[in-house]
Amino acid sequence: MTDLCLTEIAGRVLAHDLIRYLVGAGGVYLVINLALARSLAGRQIRDARPGWRQMRREFVISLRTVLIFAAHGTVISWGAMSGFLPVYDQVAAGPFGDGPGQGWPWLVMSTLVVILAHDAWFYWLHRLLHHRGVFRRAHSLHHRSHNPTPFTSYAFDGAEAAGQAIFLPLFVLLVPMHPIALLIFVVHMMLRNAIGHCGYELFPARADGRPLFGWLTTVTHHDLHHAHGQYNFGLYFIWWDRWMGTEWPGYEQAFRQAVGRADELTAPAIVSADVRPPQHF
């Protein structure tokens, strides 16, 4: 492969990553935080709204994250074209294709597996980033946004961005993946990340006010992490937080409050007016 080809690949990957961030974070902000803000007023988690200065800072920081993600995406694209990484571009007609991992069942299963694996990777990396000796150097930029916005989703220190980005090349090195599965994964990652920082509880509630999909992290779940940094480290699912005892004790009460199903006199405040800095292990 020539340098020109590699340059073209890098340019295309960078363009795709930038568009994904702009459409994902920007689209969620335009739809949720602007267009639907009035109709969702009863589900606004914080009383205060983040200012333009915070969002401008988040956007500028996120551009570096886009570059780091694009660099790792270029490795995947180059590895797939060179045959170093097992990315296959055809789905065989049979249930498992002519060889392992090339039928439709594998495409679906590999998509689910990569999401589950990334959730585990994110949880444990996130725990590490909150270690007292690591936080200031690798995660403090993200938590400058005590009251997050969709643009917070990529507002990472360089070390954190690299730690997040390296997951996918390592996974693809071990597991055959189709481009469709990779596309679903990165779009899902972007949207869940942006939605999780939007500040409005979008997930449905049961009649008693508990989350309808109790195994998913809600917007309230991650918002509580920005309010109380030693809890709620999960990205997509609540399993790791519950298994490891790191879920905020009043999470379900806070969710009830966010969806308007709690008694204001007894429900705990999600975050006080004077937000404390995150605590660390």
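**Overall make-up and helix packing**

Of the 281 residues of the protein, 49% count as buried, where buried means under 20% relative accessible area, exposed over 50% and partly exposed in between, with a 1.4 Å probe and protein chains only. This is a predicted model, in which local features need pLDDT of at least 70 and side-chain atom pairs count only at pLDDT 80 or more, while totals for chains, interfaces and linings use all residues. Residues are numbered from 1 along each chain as its sequence is written, and side-chain values use heavy atoms, with hydrogens and water left out.

The protein contains 11 helices and 0 strands; helices (H or I, at least four residues) and strands (E, at least two) are DSSP runs, numbered from the N terminus. The order of elements from the N terminus is accordingly written α-α-α-α-α-α-α-α-α-α-α. Among contacts with a separation of 6 or more, 71% join residues 24 or more positions apart, a contact being heavy atoms within 4.5 Å. The protein exposes about 13900 Å², and carbon and sulfur atoms supply 66% of it; these areas come from the Shrake-Rupley method with a 1.4 Å probe, and for residues only the protein chains shown count as cover.

Two packed helices are described by the angle between their axes and the distance between the axes. Helix 3 (residues 104-129) packs with helix 6 (residues 158-165) at an angle of about 155°, and their axes are 10 Å apart. Axes are lines fitted to C-alpha atoms, for helices over the stretch in contact, and angles run from 0 to 180 degrees between N-to-C directions. Helix 3 is therefore roughly antiparallel to helix 6, since angles under 35 degrees count as roughly parallel, over 145 as roughly antiparallel, 65 to 115 as roughly perpendicular and the rest as oblique. On the helix 3 side, H118, W121, F122, L125 and L129 take part, and they meet E160, G163 and Q164 in helix 6. By class, this contact of helix 3 with helix 6 has 4 nonpolar, 3 polar and 1 charged residues; Ala, Val, Leu, Ile, Met, Phe, Trp, Tyr, Cys and Pro count as nonpolar, Asp, Glu, Lys and Arg as charged, and the others, Gly among them, as polar.

Helix 6 also meets helix 7 (residues 167-174): their axes come within 4 Å and cross at roughly 20°. The two helices are therefore roughly parallel to each other. G163, Q164 and A165 of helix 6 make this contact with F167, L168 and P169 of helix 7. The contact of helix 6 with helix 7 comprises 4 nonpolar, 2 polar and no charged residues.

Helix 9 is mostly covered, with 9 of its 9 residues buried. Its buried residues pack against helix 3, helix 5 (140-143), helix 8 (179-196), helix 10 and helix 11 (251-258).

The loop between helix 9 (219-227) and helix 10 (239-244) holds N232. Most residues other than glycine have a negative phi. N232, although not a glycine, has a positive phi of about 60°, and at 0% relative accessibility N232 counts as buried.

L235 lies in the loop between helix 9 and helix 10 as well, and at 10% relative accessibility L235 counts as buried. Leaving aside neighbours within four places in sequence, L235 is in contact with H118, D119, F122, R192 and T217. L235 and F122 are 113 residues apart along the chain, yet their C-alpha atoms are separated by 6.7 Å.
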